[in-house]
Amino acid sequence: MVKAMEGHVTTSSLLRLAQRIAVIAVAVYLLHRLIDWATSVTESSGNMPLMLGLLALLLLTYALLMAIPFAPGIEIGVSLLVLRGAEIAPFVYGATLGGLTLAFLAGRYVPYAWLHGLFWDLRISSGCRLLERLAPLKREERLTLLRERIPGWLEPLTGNGRYLMLAVLLNLPGNAILGGGGGLAFIAGLSRVYSTWVTIAVMAAAVLPVPLLVWVYGSGFLERG
């Protein structure tokens, strides 16, 4: 019985992984092709504002995807950096930070009651339970709950070092199981224990290294890695 359950869990995990890879591949391919199309349209018509508008629309789409918990946003951004290199790096950085900021602000300022209603309508029972636990808690109690929901080896960083904790988690390989970048930013906002401007500055620094290196050195080091 136990072995059967373990096999089912493994199969389900593999299916979710396959679905995630498929979503990333399709999204990256479509964005890559659309950027190529926008470039060709600009070169043939000489309409630079059109290309900038199309690029802005594509990056806005990526930023919104980045803001959605458990969506493969950061993987799409890295894939675009590999494909497009330095030319796209500043834009990917801006869109990544924009998506994370949007997720954080949604968690930080949207009323719990409204979020609870949204999660209820979407049948996200785990989100409803989390909000029901957070709503009546005081600040220190929310920090305690936050400590309970992260890996044990990061627990010491949930006090005065909680901003460092967020930066570490945003760069942690495999953070998709924790909700991805958007999910982590959303939970940070939802806890209501993170200062808005400090958090935005921390996220800006946390996601900067890879786009900056690609912008300066090209995408070769990502391909070698």
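Colleague: Which residues in H10 do Tyr163, Leu166, Ala167 and Leu170 in H8 meet?

Modeller: This is a predicted model, so the answer describes a prediction. Contact here means heavy atoms within 4.5 Å. On the H8 side the residues are Tyr163, Leu166, Ala167 and Leu170. Their partners in H10 are Val198, Thr199, Val202, Met203 and Ala206.

Colleague: At roughly what angle do the axes of H8 and H10 cross?

Modeller: Two packed helices are described by the angle between their axes and the distance between the axes. The axes of H8 and H10 come within 9 Å. The crossing is right-handed. The angle between H8 and H10 is roughly 35°.

Colleague: How many aromatic pairs does a search of the whole structure find, and of what kind?

Modeller: The search finds 1 aromatic pair. The ring centres of Tyr163 and Tyr194 are 5.2 Å apart, and their planes stand at 85°. Planes over 60 degrees apart count as edge-to-face. The pair of Tyr163 and Tyr194 is therefore edge-to-face.

Colleague: How many residues apart are Tyr163 and Tyr194, and where do they lie?

Modeller: Tyr163 belongs to helix H8, which covers residues 162-170. Tyr194 is in the loop between helix H9 (180-191) and helix H10 (196-206). The pair links distant parts of the chain, with a separation of 31 residues.

Colleague: Are Tyr163 and Tyr194 buried or exposed, and which charged residue sits over the ring of Tyr194?

Modeller: Both Tyr163 and Tyr194 are buried. A charged end lies over the ring of Tyr194, 5.9 Å from its centre. That charged end belongs to Arg162.

Colleague: Over which ring does the charged end of Arg108 sit?

Modeller: The ring must have its centre within 6 Å of the charge. For Arg108 the distance to the ring centre is 5.1 Å. The ring is that of Tyr109.

Colleague: Is Gly180 buried or exposed, and how far in space is Gly180 from Glu75, C-alpha to C-alpha?

Modeller: Gly180 is found in helix H9. Its relative accessible area is 5%, so Gly180 is buried. In sequence, Gly180 and Glu75 are 105 residues apart. From C-alpha to C-alpha, the distance between Gly180 and Glu75 is 9.6 Å.

Colleague: Is Lys138 buried or exposed?

Modeller: Lys138 lies in the loop between helix H6 (125-134) and helix H7 (139-148). Its C-alpha is 9.7 Å from that of Arg192, 54 residues away along the chain. The cut-off for exposed is over 50% relative accessible area. With 63%, Lys138 is exposed.

Colleague: Which residues is Leu105 in contact with, leaving aside its neighbours within four places in sequence?

Modeller: Leu105 is found in helix H4, residues 89-109. Leu105 is partly exposed, at a relative accessible area of 31%. Ile200 is 95 residues from Leu105 in sequence, with 9.6 Å between the C-alpha atoms. The contacts of Leu105 are Val110 and Thr196.

Colleague: What share of the 225 residues in the protein chain is buried?

Modeller: The chain holds 12 helices and 0 strands. Its accessible surface comes to about 12,800 Å², with 69% belonging to carbon and sulfur atoms. Of the contacts with a separation of 6 or more, 66% are between residues 24 or more positions apart. The buried share of the 225 residues is 40%.

Technical notes. Residues numbered from 1 in each chain as written. Predicted model: local features only at pLDDT ≥ 70, side-chain atom pairs only at ≥ 80, totals over all residues. Heavy atoms only, no water. Helix = DSSP H or I, 4+ residues; strand = E, 2+ residues; numbered from the N terminus. Buried < 20%, exposed > 50% of the residue type's maximum accessible area, 1.4 Å probe, protein only. Areas by Shrake-Rupley, 256 points an atom, 1.4 Å probe, with all protein chains shown as cover. Phe/Tyr/Trp six-rings, centres within 6.5 Å; stacked < 30°, edge-to-face > 60°. Lys NZ or Arg CZ within 6 Å of the ring centre and 35° of its normal. Axes fitted to C-alpha atoms, helices over the stretch in contact; angles between N-to-C directions. Left-handed = near helix turned anticlockwise from the far one by under 90°.
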